[in-house]
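Please look over the chain shown here.

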Amino acid sequence: MDVNEQLAEALRLAVDPPGGVSVEALQDLVIDDQGRQWDIATAARHVGVSAHTLRYYERAGLVTVPRNPAGHRVYGAPAVRRLVFVTRMRTSGMPISDLRQYVELVDRGDGTIPDRLDLLMEHRDTLRAQLAQIQLALAATEYKIATYGGSTQP
């Protein structure tokens, strides 16, 4: 494989990594299982954060979680959907202040959809710029691995 082929392969792997993103990874954004009732430990495990983080999100006003008669938090489908979205946005670097603004807009109703859309489109533009830089860095890494005789496959 010549240098240009190695560069092209490195770029392909950076843009279309093995494994990719599946629809299943996003399913919890639309879950509507009204029978789902989780405690904080189960919700934290499912969302992939600590119980401490879930309590922080609640204190920050990002999610409202009802409590059972014993005073324990009960995470139903709406709370899980919100937490999945919040954790995805935090993973992507969205600041808590922007998330608070977004949640406040959602809670105010459909009249705020244009404002929510603006906020999300701005975040998307930021993510696309970051992703382009990360893909370039990954392509450079894949190329160097290939030049040292390593495998560019996972």
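## Overall fold

This is a predicted model. The chain has 154 residues, and 32% of them count as buried. Its secondary structure comes to six helices and zero strands. Read along the sequence, the pattern is α-α-α-α-α-α.

Take the contacts with a separation of 6 or more: residues 24 or more positions apart account for 59% of them.

## The nonpolar core

In soluble globular proteins, nonpolar side chains tend to be buried together. Here, the largest nonpolar core has 25 residues. Leu54, Tyr57, Leu62, Val63, Tyr75, Leu83 and Leu99 have the most contacts inside this core. Four helices each supply at least two of its residues: α2 (40-47), α3 (51-59), α4 (77-91) and α5 (96-108). Helix α4 gives the most, with seven residues.

Leu99 is one of the core residues with the most contacts there. Which residues does Leu99 touch, leaving aside its neighbours within four places in sequence? The partners are Leu62, Phe85, Val86, Met89, Arg90 and Met94. Of these, Leu62 is also on the list of core residues with the most contacts.

## Glu58 and its partners

Glu58 sits in helix α3. The side chain of Glu58 makes a polar contact with the side chain of Arg73, at 2.5 Å.

Neighbours within four places in sequence aside, Glu58 is in contact with Val63, Val65, Arg67, Arg73 and Tyr75. Two of these partners, Val63 and Tyr75, are listed among the core residues with the most contacts.

How much space lies in the second largest pocket? The volume is about 160 Å³. The lining runs through Ser92, Gly93, Met94, Pro95, Asp98, Gln101, Leu119, Glu122, His123, Thr126 and Gln130. Helices α5 and α6 (113-147) are the elements that give two or more residues to this lining. Helix α6 gives the most, with five residues.

What is the make-up of the lining, by residue class? Three residues are nonpolar, six are polar and two are charged.

Technical notes
Residues numbered from 1 in each chain as written. Predicted model: local features only at pLDDT ≥ 70, side-chain atom pairs only at ≥ 80, totals over all residues. Heavy atoms only, no water. Core = buried A, V, L, I, M, F, W, Y, C linked by side-chain atoms within 4.5 Å. Buried < 20%, exposed > 50% of the residue type's maximum accessible area, 1.4 Å probe, protein only. Contact = heavy atoms within 4.5 Å. Polar contact = N/O pair within 3.5 Å; in protein donor to acceptor, adjacent residues only side chain to side chain. 1 Å grid on protein atoms, 1.4 Å probe; cavity = no way out; pocket = protein on both sides within 12 Å on 5 of 7 lines; lining within 4 Å. Points joined across faces, edges and corners; volume = space filled by probe spheres on them. Nonpolar A, V, L, I, M, F, W, Y, C, P; charged D, E, K, R; others polar.
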